[in-house]
Amino acid sequence: MAEYQPQPQNQPHGSHQQHPLSYQAVKAATAVTAGGSLLVLSGLTLAGTVIALTIATPLLVIFSPVLVPAVITAGLLTTGFLASGGFGVAAVTVLSWIYRYVTGKHPPGAETLESARLKLTSKAREMKDKAEQFGHQHLTAGQHTS
């Protein structure tokens, strides 16, 4: 276990101690080396991209009557397969939830569905009673006028 070492009272909480100059020099050298390497890689990537685009542009112009429909078709196929897979996963999830609900295992959200069912049932009874009252009123009003 690590031992508790109280911080000196004259330093604010969370401040770092001064590191030796050699430690700071090593940190700076590491940062410059990593940054310089990434900068060189970035430049090489940009140069490679420009060269590849320069070489590929005539080929793209020549084959564009074939490539554009092919890219559109590939995009539509990919979109269709992804949508189909997503709908399939959603359907399996819903069917699994319904199965768990019907077998009494109370999946997440079952309480909300149950409360909605109870509200709907009470409203349906209420509307049925109102319709019966309305029917009786019209029936009795029709008998009085005849």
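This is a predicted model: local features need pLDDT of at least 70, side-chain atom pairs count only at pLDDT 80 or more; totals for chains, interfaces and linings use all residues.
Colleague: Which residues does UniProt list for "transmembrane region"?

Modeller: The unreviewed UniProt entry lists residues 38-64 and 70-99.

Colleague: What is the helix content over each of those ranges, and how far apart are the end C-alpha atoms?

Modeller: Residues 38-64 are 100% helix and 0% strand, with the end C-alpha atoms 35 Å apart. Residues 70-99 are also 100% helix and 0% strand. There the end C-alpha atoms are 43 Å apart.

Colleague: Which residues make the nonpolar surface patch?

Modeller: Leu-59, Leu-60, Ile-62, Phe-63 and Leu-67 make it. The patch covers about 480 Å².

Colleague: Where is Leu-67 placed?

Modeller: Leu-67 sits in helix α1, which spans residues 21-102. Its relative accessibility is 35%, so Leu-67 counts as partly exposed.

Colleague: How many aromatic pairs does a search of the whole structure find?

Modeller: The search finds one. In general, two numbers describe such a pair: the distance of the ring centres and the angle of the planes. Here the rings belong to Trp-97 and Tyr-101. Their centres are 5.3 Å apart and their planes lie at 5 degrees, so the pair is stacked. The cut-off for stacked is planes under 30 degrees apart.

Colleague: Where do Trp-97 and Tyr-101 lie?

Modeller: Both lie in helix α1. They are four residues apart, about one turn of the helix.

Colleague: Why does Trp-97 count as partly exposed?

Modeller: Because its relative accessibility is 21%, and buried means under 20%. Tyr-101 has a relative accessible area of 24% and is partly exposed.

Conventions. Residues are numbered from 1 along each chain as its sequence is written. Side-chain values use heavy atoms; hydrogens and water are left out. UniProt positions are given in the numbering used here, feature names are shortened, and annotations may be inferred rather than shown by experiment. Helices (H or I, at least four residues) and strands (E, at least two) are DSSP runs, numbered from the N terminus. Patches are made of residues with over 30% relative accessible area and no salt bridge: like charges are joined within 9 Å, nonpolar side chains (Val, Leu, Ile, Met, Phe, Trp, Tyr) within 5 Å. Accessible areas come from the Shrake-Rupley method with a 1.4 Å probe; for residues, only the protein chains shown count as cover. A salt bridge is a side-chain nitrogen of Lys or Arg within 4 Å of a carboxyl oxygen of Asp or Glu. Buried means under 20% relative accessible area, exposed over 50%, partly exposed in between (1.4 Å probe, protein chains only). Rings of Phe, Tyr and Trp (its six-membered ring) pair if their centres lie within 6.5 Å; planes under 30 degrees apart count as stacked, over 60 as edge-to-face and the rest as tilted.
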